[in-house]
Amino acid sequence: MNPSFITDAQNTWCLGCGNFALQHAIKDVIFGLIKDGTPRESIVLVAGIGCHGKIADYLNISTFYSLHGRAIAVATGIKLANPDLTVICSVGDGDTYAEGLAHLIFAAKRNIDITVIVHNNRVYGLTKGQYTPTSPGKYHGKSTPRGISDDPPFNPVEILLCSGCGFIARGYTRRQEELTGLIHDAIVHRGFSVVDTLQICASFLDMTDMYNERVYVPDGHNPEDFAAACMIAREWDYDSDGPIALGTIYRKNIPTYESRFRVPQKSDVEKARSVDKIMRERS
Amino acid sequence: MADYSILIGGKAGDGVNRAGQVIAKIFTRLGFFSYMYYDYPSLIRGGHNYAVVRVADHPVGGCREGIDVLLALDSTTLRRHKTFVRNDAVILYNSDLVHDAEGTAIPLLSIITEEEGSPVMANTCLIGAFCKSIGLEWNFVEEVLRLELPHEVEKNLRIARRGYGAVPVEMRPEFLHLAQKGGDKILLTGNEAIALGMVAAGLDGYVAYPMSPATGILHYMAEIAEEAGVTVIHPESEIAAMNMVAGMVYGGFRAATGTAGGGFNLMVEGLSMAAMAELPVTVVLAQRIGPSTGTPTYTAQEDLNYAIYAGNGEFPRFIFAPGDAGQAYECAGHALRLSWKYQVPSLILTDKTLAEGTYTVEPSTLPELIPAQAITRIGPVEEYRRYSDSEDGISPYAIPGDGSVTIKVNSKTHRPDGISTDTPEGIAGCIDKQMRKLPAMRQEVSDLRPVIIYGNPDAEICLLCWGSNAPLCREVAGRLGIKAVQPLVMWPFPAGEVSDAVGDSWMVISVEDNYAGQLADLARHHGIRVDLHIPKYDGRPHSIDGLVELLWGVVA
Ligand code: SF4
């Protein structure tokens, strides 16, 4: 692997953190895209805030290290300004399923052609162990020492299916090859795509055993079948013991937002002329 | 000096705003200067709406007291405004709704029923009647209405003609005793002027969530989007709007957003990010009265302090505060231009009075193009650093895909290459670099001639005003032979220029639509004496006569 894809920034993720696997997968995919002809300069990664966000410092590509929950809104703006860019968001589960949920749902509704990779470790790592919208009900976080079992997690895959999302996949950081494939497929999909990635937080919520036991790739699942996608999405509710399907859960081609809403650009001189024309028409 | 006020009133949904605009347009075409104030509660149907159109042979930007023509679509209009009409006023009223009133009865409803018009066409009928009452030729009226009422033209014209015919004689023909120097005058609301000013400065993207009184920019921008080449987006919230703008700017678009105070609350998070990331975003903050939701459709100048201090952390910014549509056009352009030149956020402060008020503008007096700083194009370089330091703190601005460079933009404290840092030198260096822009930013403000003096420059009494109060204070100063001073740029505060403009006046009085006297405080903070604050915080702008009266004891 090209070493120049990593910056000189000191890596501060905990030993065993799932972010490493995600960073490798993203880096591999980007490397592949470049090999296939995508100019390196036209790839932009937008991160939110949280442990995952440090990926913006570590990856030596163009990045926008944005705010907690806002990566998708920022990425939407970038894509609208320049549809030729490949725009990838790395976001956290606390980041995008809590503070940034509206942006996620609306991006799905619009079908803007960006890819969202959720580093879903189901806990706030950087603020030291509070619960997130996808924490298991039995999780006792530092802000919820009595647990949250009356407040069960929600199922982001189901939310995305309801929001009109055209590409939903679920990956797992201990299935590196598969994860890389899913991220690649999500990026090349034309339209809004999400890879909800089950990630290990080595320090606060290591669910390795639980995941290893339950993850599987469904046989013969047709990702174009919405009803089948819903069924798979409901097998596991992020709380109970159901089997956890990995892979592309749903895929549909829909016209992208930027193709519907971007007006042809004009030069400064043309704009000045337009203003002049508008004013003359008003007199 | 010709100076007339025409009031048209009715219920929400009666088309009062449109009718006022048409009347303002008629006078603009006759060569007058017009100003329209539109007063409406936050209701879609019902409630009392009225528009005051002031027309004069000199530029006007505020209302005076006394009504020369009262056009009443309903009885509330007569009841509410009758005490303010002059003795020789013309009153035209809808005799199908109002009985036994003084003035000329026009059976508006009967006419539109006979002509099979829709209820809203009562306003067209009343406009026709009004035109006759001031002695306008029908041909001229027809010409204007054809342009201004493009839907169901023939029916509208028939109805207007019936109204025209319903007035037996000309009543105030002296209205037209003016040099009719048509010229190239046009009408613009403050919101429209801002939209056009930003486009003239090269705007590519406008993202906003609807909120009065800034909504007009969003609507107008969407209307002219294709013509102007602006991508206009209405997203899920103000938070999204601000962050999308930041993203657009990173992607190479000149982009802006607009909102009122409540929406700005939500944008402040993104504003700080833009500042830290050194992204040139422009925000229009259209003020309305009160904290929280306040009163959606009424005016205030309460957010000056907020605009200056909004955001966590310390960072440089530009704040403009235009007073009328012409100034709004120019300020919008300069806000965008300077924001890009210095890679800092810029704000344009307006208020409901300016945002939704309609003003006559002479396009020939406006700069054709206020080009925003071109993006620094950089070729393939060995090592591009987004935040590389320089003498004036400004780094080269590259956009992704442009040259083979890596552009790392960061909302966190960062090194010159855009990677986060928390070392003491790193933190201080990041702040030093941004603050190094300030001297040049101050100079840039000075170069703009940021302070305007009205009235008698040698007078010993000086009004200090900002925003939409400036045109009023200009008139008051003219009438009373005193001086008025308006800073057009509020931040960096042009303290030297304001101080020079105030000079050694023995009495300095601030006129502001707020309780506290925010400009007065700002001036005092910069060592400029302000003796008296004339506040207004009932959501309505001052009237010129009201202001004269308040000043009478002081000036006389
Ligand atoms: S706290 Fe958890 S998510 Fe954060 S770096 Fe450590 S292991 Fe990774």
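**The interface of chain A and chain B**

About 4500 Å² is buried between chain A and chain B, with carbon and sulfur atoms giving 60% of this area. Buried area is the accessible area (1.4 Å probe) that two parts lose on being put together, summed over both. Lys271(A), Met279(A) and Arg282(A) supply 15% of what chain A buries against chain B, more than any other three residues. The structure is a predicted model: local features need pLDDT of at least 70, side-chain atom pairs count only at pLDDT 80 or more, and totals for chains, interfaces and linings use all residues. Residues are numbered from 1 along each chain as its sequence is written, chains are lettered from A in the order in which they are written, and side-chain values use heavy atoms, with hydrogens and water left out.

In chain A, 49 residues are in contact with 64 residues of chain B (heavy atoms within 4.5 Å). Seven salt bridges cross the interface (a side-chain nitrogen of Lys or Arg within 4 Å of a carboxyl oxygen of Asp or Glu). Glu192(B) forms a salt bridge with Arg282(A). Their closest N and O atoms are 3.0 Å apart.

Several elements give two or more residues to the side of chain A that touches chain B, among them helix H3 (71-81), helix H5 (101-110) and helix H11 (268-282). Helices (H or I, at least four residues) are DSSP runs, numbered from the N terminus. H11(A) gives the largest share, nine residues. By class, this side of chain A has 25 nonpolar, 13 polar and 11 charged residues. Ala, Val, Leu, Ile, Met, Phe, Trp, Tyr, Cys and Pro count as nonpolar, Asp, Glu, Lys and Arg as charged, and the others, Gly among them, as polar.
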